[in-house]
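Subject: Handover of a structure and notes on its features

Dear colleague,

Please find the structure below, which I am handing over to you. I would ask you to keep it open while you read the notes that come after it.

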Amino acid sequence: MTKLSLNICGTFSLGLGVLGIVVPILPTTPFLLLSAACYAKGSLKLYHWLLANRLFGPYIQNYRSGKGIPLKVKIVSILFLWLSLSYSIIFIIPLISIKFILLLVGLFFTGVILKQKTYRSRLHGSV
């Protein structure tokens with residue numbers, strides 16, 4: 001029963017991580033790391049599948065090994081974050097207080113993203 005619960009939690013977390021790719025305010029990395037942790041305890045088959053996945057595997061492995069987040073991922077994340085927040089602030093949210101809160105949320109998450117170590121692959125000439 002515990003392994004089943006861990007696998008369900010891992011799959012739910014993976015779904016949130018995938019959703020976080022397209023919803024800028026939803027963080028991707030913590031959900032992917034939680035999925036990996038759940039799968040490691042619940043199903044080695046799912047764990048190995050996740051790490052071998054061409055989209056998520058390198059991302060999880062680089063983050064867990066301390067290499068950081070690729071520069072392209074940082075740029076795209078910040079770009080989508082501010083595009084969606086700007087649209088909401090300008091066209092959707094009528095209250096100035098909520099607009100201000102969204103601005104603060106954007107600044108906070110931009111800081112969180114920029115604070116993460118940047119991974120540069122050796123293929124691009126960095127050491």
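Predicted model: local features only at pLDDT ≥ 70, side-chain atom pairs only at ≥ 80, totals over all residues.

Helix α3

I begin with helix α3, which spans residues 44-52. Which of its residues are buried? They are Y47, L50 and L51. These three lie on the same side of α3, because they cover an arc of only 95° around the axis. The face turned away from that buried side carries the exposed residues K45, H48 and A52. As for what the buried side meets, the buried residues of α3 pack against three helices: α1 (2-22), α2 (29-42) and α4 (57-64).

The largest pocket

The largest pocket has a volume of about 710 Å³. It is lined by 27 residues, and T28, T29, Y59, V73 and S77 are the closest to its centre. Two or more lining residues come from each of α1, α2, α4, α5 (71-92) and α6 (96-115). Which of these elements gives the most to the lining? It is α5, with six residues. By residue type, the lining consists of 21 nonpolar residues, five polar ones and one charged one. In general terms, empty space of this kind is found by rolling a probe the size of a water molecule over the atoms.

Aromatic pairs

A pair of aromatic rings is described by the distance of the centres and the angle of the planes. How many such pairs does a search of the whole structure find? There are two.

One is formed by Y87 and F91, and this pair is tilted, at 5.1 Å centre to centre with 45° between the planes. Both residues belong to helix α5, where they stand four residues apart, about one turn of the helix. Are these residues buried or exposed? Y87 is partly exposed, as its relative accessible area is 48%, whereas F91 is exposed, at 60%.

The other pair joins F108 and F109 and is edge-to-face, with 5.2 Å centre to centre and 80° between the planes. Here F108 is exposed, because its relative accessible area of 53% is over the cut-off of 50%. F109 counts as partly exposed, because its relative accessibility of 27% lies between the cut-offs of 20% and 50%.

With kind regards

How values were computed:
Residues numbered from 1 in each chain as written. Heavy atoms only, no water. Buried < 20%, exposed > 50% of the residue type's maximum accessible area, 1.4 Å probe, protein only. Arc of directions from axis to C-beta. Contact = heavy atoms within 4.5 Å. 1 Å grid on protein atoms, 1.4 Å probe; cavity = no way out; pocket = protein on both sides within 12 Å on 5 of 7 lines; lining within 4 Å. Points joined across faces, edges and corners; volume = space filled by probe spheres on them. Nonpolar A, V, L, I, M, F, W, Y, C, P; charged D, E, K, R; others polar. Phe/Tyr/Trp six-rings, centres within 6.5 Å; stacked < 30°, edge-to-face > 60°.
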